[in-house]
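Have a look for yourself first, then read along.

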Amino acid sequence: MAFAKTESFRKEETELARIARAMAHPARIAILNLLAKKSECICGDIVDELPLSQATVSQHLKALKEAGLIAGEIDGPRVCYCLNADAISRAKTLFDKIFQKMNCC
């Protein structure tokens with residue numbers, strides 16, 4: 001079985017796949033929705049809103065932060081998270097582009 005190399009794909013395809021992978025869990029979508037509503041949140045506030053442990057929420061926050069979709073700023077002993085507006089806008093543009101190309105609906 002042959003394995004595709006990431007370098008074989010266009011930059012936009014690779015970028016969209018990275019974003020989609022980071023968003024590919026309902027907890028991460030819930031976190032993004034929560035941050036969109038509250039504009040910023042500390043991890044403990046997110047834990048209070050979701051049926052997940054603090055450690056699990058932290059793992060999801062890490063995945064979203066690594067993808068650049070959120071930013072975390074240290075505020076004393078806590079980390080305050082917010083959406084990265086530029087990255088969210090870029091993700092929307094990439095998703096819009098791919099769905100427009102499909103032209104099936």
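My entries follow in the order in which I looked things up.

**Entry 1: ground rules**

I am working with a predicted model, in which local features need pLDDT of at least 70, side-chain atom pairs count only at pLDDT 80 or more, and totals for chains, interfaces and linings use all residues. Residues are numbered from 1 along each chain as its sequence is written, and side-chain values use heavy atoms, with hydrogens and water left out.

**Entry 2: the whole chain**

I found five helices and three strands in the protein chain; helices (H or I, at least four residues) and strands (E, at least two) are DSSP runs, numbered from the N terminus. Read from the N terminus, the order is α-α-β-α-α-β-β-α. I noted a box of roughly 45 × 35 × 25 Å for the C-alpha atoms, taken along the principal axes.

Of the 105 residues, 29% count as buried. For burial I use relative accessible area: under 20% is buried, over 50% is exposed, and partly exposed lies in between (1.4 Å probe, protein chains only). I also looked at contacts (heavy atoms within 4.5 Å). Among those between residues at least 6 apart in sequence, 52% join residues at least 24 apart.

**Entry 3: helix α2**

I turned to α2, residues 26-38, whose 13 residues reach 18 Å from first C-alpha to last, close to the 18 Å expected at 1.5 Å a residue. The expected span is 1.5 Å times one less than the number of residues.

Which residues of α2 are buried? I listed Ala-27, Arg-28, Ile-31, Leu-32, Leu-34 and Leu-35. They cover an arc of only 160 degrees around the axis, so they sit on the same side of α2; the arc is that of the directions from the helix axis to the C-beta atoms. A reminder to myself: an α-helix has 3.6 residues a turn, so residues three or four places apart point the same way. Pro-26, Ala-36 and Lys-37 are exposed, on the face of α2 turned away from its buried side.

**Entry 4: Ser-39**

Ser-39 is in the loop between α2 and β1 (41-42). Its phi is positive, about 70 degrees, although Ser-39 is not a glycine. I flagged this since most residues other than glycine have a negative phi.

**Entry 5: helix α4**

α4 also has its numbers down: 13 residues, with 18 Å from its first C-alpha to its last, close to the 18 Å expected. I found Val-57, His-60, Leu-61, Ala-63 and Leu-64 buried in α4. Their arc around the axis is only 160 degrees, which puts them on the same side of α4. Gln-59, Lys-62 and Glu-66 are exposed on the other side of α4.

What do the buried residues of α4 pack against? My list reads α1 (11-23), α2, α3 (43-49), β2 (70-75) and β3 (78-83). After α4 comes Gly-68, with a positive phi near 85 degrees.

**Entry 6: where α2 meets α4**

The axes of α2 and α4 (residues 54-66) come within 10 Å and cross at roughly 75 degrees. Axes here are lines fitted to C-alpha atoms, for helices over the stretch in contact, and angles run from 0 to 180 degrees between N-to-C directions. That makes α2 roughly perpendicular to α4, a label for angles of 65 to 115 degrees.

From α2, the contact uses Ala-27, Arg-28, Ile-31 and Leu-32, and from α4 it uses Val-57, His-60, Leu-61, Ala-63 and Leu-64. I sorted these residues into seven nonpolar, one polar and one charged. Ala, Val, Leu, Ile, Met, Phe, Trp, Tyr, Cys and Pro count as nonpolar, Asp, Glu, Lys and Arg as charged, and the others, Gly among them, as polar.

His-60 lies in α4 and counts as buried because its relative accessibility is 8%. Leaving aside neighbours within four places in sequence, His-60 is in contact with His-25, Ala-27, Arg-28, Ile-31 and Leu-52.

Cys-43 belongs to α3 and is buried, at 13% relative accessible area. With neighbours within four places left aside, Cys-43 is in contact with Gln-54, Val-57, Ser-58, Leu-61, Val-79 and Tyr-81. How far apart are Cys-43 and His-60? I noted 17 residues in sequence and 11 Å in space, C-alpha to C-alpha.

Last, I checked Glu-15 in α1, buried at 17% relative accessible area. Not counting residues up to four places away in sequence, Glu-15 touches Arg-90 and Leu-94.

Notes:
Angles under 35 degrees count as roughly parallel, over 145 as roughly antiparallel, 65 to 115 as roughly perpendicular and the rest as oblique.
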